[in-house]
Structures are given as structure tokens and as C-alpha cells.
Amino acid sequence: MEKEVYDSYMEQVQKYPLLSYEKEVELSRRIENGDSRAKMELVQSNLRLVVSIAKKLNITKLNIMDLIQEGNLGLMTAASKFHYSYKTRFSTYAYSWIMQYMLRYLHNRCTPISLPHRKDEVLRHIATAQQYLFQQTGHAPTVDELSVYLGIPVKVLKDALSYSFSITSLDSECGEDGNSSVEDLLPDTTYSPETKMMDKEYKAEVQDLIKTLPEKEQKVIYHRFNFACEQRPKTLREISVMLGVSAETIRQMELRALRRMRSTVKVMQPVYNA
């Protein structure tokens, strides 16, 4: 399926003719005057450049059409910023923009944890500054030193460092004896005796409240909130068939039962607080 989409796209792309330098200058002048058709013509005639760059990157685990789409965004940005006064071919100018968009996409897709581009870019600047200052001073730079060097407020810098991360395998050895792994040090949060006991107490209290209701209302609450632990709670229609009344009557019974239970809880609240 992916190959069919790619082949169809290439068939469409090849219909657009390549441009001469003179034609690119003409289109650039028209774009400067707000001609959107000229911009579209400049983009369409260079779509093959995007495909060529995407194929060179040769990222087999990603859909090449997704990569081409990102490159096309870079191509459109280049078309908006290109000016005939640069005295260069548009393809030369657009190459860096296309690569920038593609590499950003690859970085976000290939890292185990993806960060927004702006945050990721700030972290790269910080890492570069840390490396440079370490080489100059011989020690790891402090937050204050980084703040002065980068011209970033300390609070902003600390916020940026807070979403920095590193990846460690759960099987990595740790401890002096080397017999423990990172996984062994992680607490087991899947089971909590206290939570289980409290849940049991809450359920018992609710069931005691239900027993204070009239018999039919007990059945309504019992089945509507699935105290029978069936696959799903019963609908108003299903309960109405069981009790031989209308669905609207069941709805009214449910509301009445809930009001009774709330009133009982309010009356008993001072006792609990005492």
C-alpha cells in the first residue's frame, strides 16, 4: 500500500517541469508582490528535490511519505523566504530548510520520549553551553554560569532542565555488588493493602446504605451500579422488564433511592465526625 501511494505521488510530481534560473527569479519577484500562484509553481517544480533528499536519508523504519510531507513543509517555508537578490538557485537555498524539517521530524519520531521542538531545541543549546563551559573552566558549569552565558533567566533555565531526561535499561546493574538491577529498586505500586482494605470498607458501608432502601429501590441500585459484578451494569430498560414497570419509573426510582442514601449519609455525618 505504501509503495502504491509513493508511486502515485511520484507520477504526479514528475508532471511539474524543472525551472531555469531566470524563471526562478521571475517567480521570486512575483512572490514578493504577493502572488500565491507563483509560490505554488516554485514549490511544485521542486517537489522532486524533497523526494531525492528523503531517499538519501534512507530511514527504512519510517514511512517515506511522512518524511516527504515534512520536507514539503520545509520547501514551502523556503519558497516564502527566498529572494532573487540571493543570486543563487532556489534548490540550493531550499536544501537546508528541507533538511531542517526532516531532521526535526526524525529526531522527534526516533527518540524514546518526544519533546516539543522548542523545548528540545533549548535543551540542545544548554548541552552545547555545558560542554563549552566545561572545556573552558574545567568544571561542570552551575545554573548561574549557564544563565549568564546563555542570557536566560535562572528560573527559565531550571524549568528547561526539569524536562531533560535520560534512558536507562531496567536490566542495568547497580549497587556495589553488581547483583542488583534498576528494576529491583523500583517499588511495587500495583498492590496496596491499605487501599484494598479501605475499598472493602467503603463497599460495605454502601451496601449497608442500600439495605435501608425499600426492596424495589434496592434492586434498582444493585443492578444499575453492577453490585452483581456482571459484565456491565443493566440499563433502565432491562431493569424495567425485570420489575414489570416502565423505564421512566425505574429512572425515578433510581433518583429517589440516591436522594434517600444522600440524606442518610448527611444524618450520619456528625456521628462519623465525632
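This is a short walk through one predicted chain, from its overall make-up to a few local features.

Start with the whole chain. The model is predicted, so keep that in mind throughout. The chain has 274 residues, and 27% of them are buried. It holds 14 helices and two strands. Now contacts. Take those with a separation of 6 or more: 52% of them join residues 24 or more positions apart.

Next, helix packing. Two packed helices are described by the angle between their axes and the distance between the axes. Here are two pairs.

Pair one is α2, residues 21–32, with α3, residues 36–44. Their axes come within 7 Å and cross at roughly 145°. The crossing is left-handed. Which residues meet? From α2, we have Lys-23, Glu-24, Leu-27, Arg-30 and Ile-31. They meet Ala-38, Lys-39, Glu-41 and Leu-42 in α3.

Pair two is α12 with α13, which covers residues 236–243. The angle is about 145°, and the axes are 10 Å apart. This crossing is right-handed. On the α12 side, the contacts come from Lys-216, Lys-219, Val-220, His-223 and Arg-224. On the α13 side, they come from Leu-236, Ile-239, Met-242 and Leu-243.

Stay with α12 for a moment. The helix runs over residues 215–224. Its buried residues are Glu-217, Val-220, Ile-221 and His-223. Val-220 and His-223 are buried, and both also meet α13. On spacing, an α-helix has 3.6 residues a turn, so residues three or four places apart point the same way.

After α12 comes Asn-226. Asn-226 sits in the loop between α12 and α13. Its phi is positive, near 55°, and it is not a glycine. Is Asn-226 buried or exposed? Asn-226 counts as buried because its relative accessible area is 17%, under the 20% cut-off.

Compare Lys-87. Lys-87 is another non-glycine residue with positive phi, about 55°. Lys-87 lies in the loop between α5, residues 64–81, and α6, residues 90–110. Its relative accessibility is 66%, so Lys-87 counts as exposed.

Last, the surface. Met-197, Met-198 and Tyr-202 make a nonpolar patch of about 310 Å². Met-198 belongs to helix α11, residues 193–210.

Conventions:
Residues numbered from 1 in each chain as written. Predicted model: local features only at pLDDT ≥ 70, side-chain atom pairs only at ≥ 80, totals over all residues. Heavy atoms only, no water. Patch = residues over 30% accessible without salt bridge, like charges linked within 9 Å, V, L, I, M, F, W, Y side chains within 5 Å. Areas by Shrake-Rupley, 256 points an atom, 1.4 Å probe, with all protein chains shown as cover. Salt bridge = Lys/Arg side-chain N within 4 Å of Asp/Glu carboxyl O. Helix = DSSP H or I, 4+ residues; strand = E, 2+ residues; numbered from the N terminus. Axes fitted to C-alpha atoms, helices over the stretch in contact; angles between N-to-C directions. Left-handed = near helix turned anticlockwise from the far one by under 90°. Contact = heavy atoms within 4.5 Å. Buried < 20%, exposed > 50% of the residue type's maximum accessible area, 1.4 Å probe, protein only.
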